[in-house]
Amino acid sequence: MATLSNSTNIFWQDCQIGRAERQKLLNQKGCVVWITGLSGSGKSTLACSLSRELYSRGKLSYVLDGDNLRHGLNKDLGFKAEERTENIRRTGEVAKLFADAGLICVASLISPYRRDRDTCRSMLPDANFIEVFMNMPLELCESRDPKGLYKLARAGKIKGFTGIDDPYEPPLNCEIEIKQDGGLCPTPTVMAGQVVTYLEKEGFLEH
């Protein structure tokens with residue numbers, strides 16, 4: 001990412017219609033729900049279920065899925081540490097814009113490094129960044145292996161795969177933790193309900 005440099009001679013342009021006006025129009029408060037966890041932990045499942053639940057309540061959200069972003073915005077990035085960092089930085093900047101527009105932005109990415117997630121948190125007022133940790137054991141995620149990536153990583157065909165030969169740093173102070181209960185995984189509806197309950201309690205679903 002050494003080719004990136006800071007722009008100079010630029011100035012911030014304010015408009016008469018701001019975040020408060022957009023939130024009033026939508027009758028909700030913009031925020032970022034950042035879902036992090038290992039591949040196969042259920043991040044995308046939760047993101048889509050949460051989006052459906054919010055839609056059913058008349059609330060506007062948008063899902064930023066890590067794989068989908070790599071088809072466009074982040075298609076030039078690989079999986080080296082510095083490229084992962086840039087991947088998360090770009091996603092965080094886009095998520096910030098969605099939140100400023102008054103939407104509930106649901107970002108679903110492995111985002112393995114704590115520092116990178118904390119950088120995204122620092123882009124918003126702290127209360128507007130809701131970190132959701134999909135705390136599922138590696139053994140479960142590997143047994144699911146929906147994309148066949150763990151099998152490839154174990155065979156040495158994928159290098160730097162999170163949880164196998166690249167670390168995942170779990171959150172230290174996440175707002176929401178989703179994990180097994182008695183050895184059973186919560187259903188998508190239950191997981192989404194847990195997040196919606198938090199959003200309701202914190203006043204994001206009204207203005």
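UniProt, in an unreviewed entry, places the feature "domain: APS kinase" at residues 29-179; such annotations may be inferred rather than shown by experiment. The end C-alpha atoms of this span lie 27 Å apart. The model is predicted: local features need pLDDT of at least 70, side-chain atom pairs count only at pLDDT 80 or more, and totals for chains, interfaces and linings use all residues. Residues are numbered from 1 along each chain as its sequence is written, and side-chain values use heavy atoms, without hydrogens and water.

Helices (H or I, at least four residues) and strands (E, at least two) are DSSP runs, numbered from the N terminus. Five strands form an open sheet in the order β2-β3-β1-β4-β5, with parallel pairing. Pairing requires at least two DSSP bridges. β2 and β5 stand at the edges with a single partner strand each, so one side of each has no neighbour in the sheet. Neighbouring strands are turned by 20° against each other on average, direction ignored.

| Strand | Residues |
|---|---|
| β1 | 31-36 |
| β2 | 61-65 |
| β3 | 104-108 |
| β4 | 129-135 |
| β5 | 176-179 |

Five bridges join β1 to β4. Ile 35 has Val 132 in β4 as its bridge partner.

Helix α2 (residues 43-56) packs against helix α8 (residues 188-201) at about 60°, with axes 8 Å apart. Axes are lines fitted to C-alpha atoms, for helices over the stretch in contact; angles run from 0 to 180 degrees between N-to-C directions. Contact residues include Leu 50 in α2 and Val 195 in α8 (heavy atoms within 4.5 Å).
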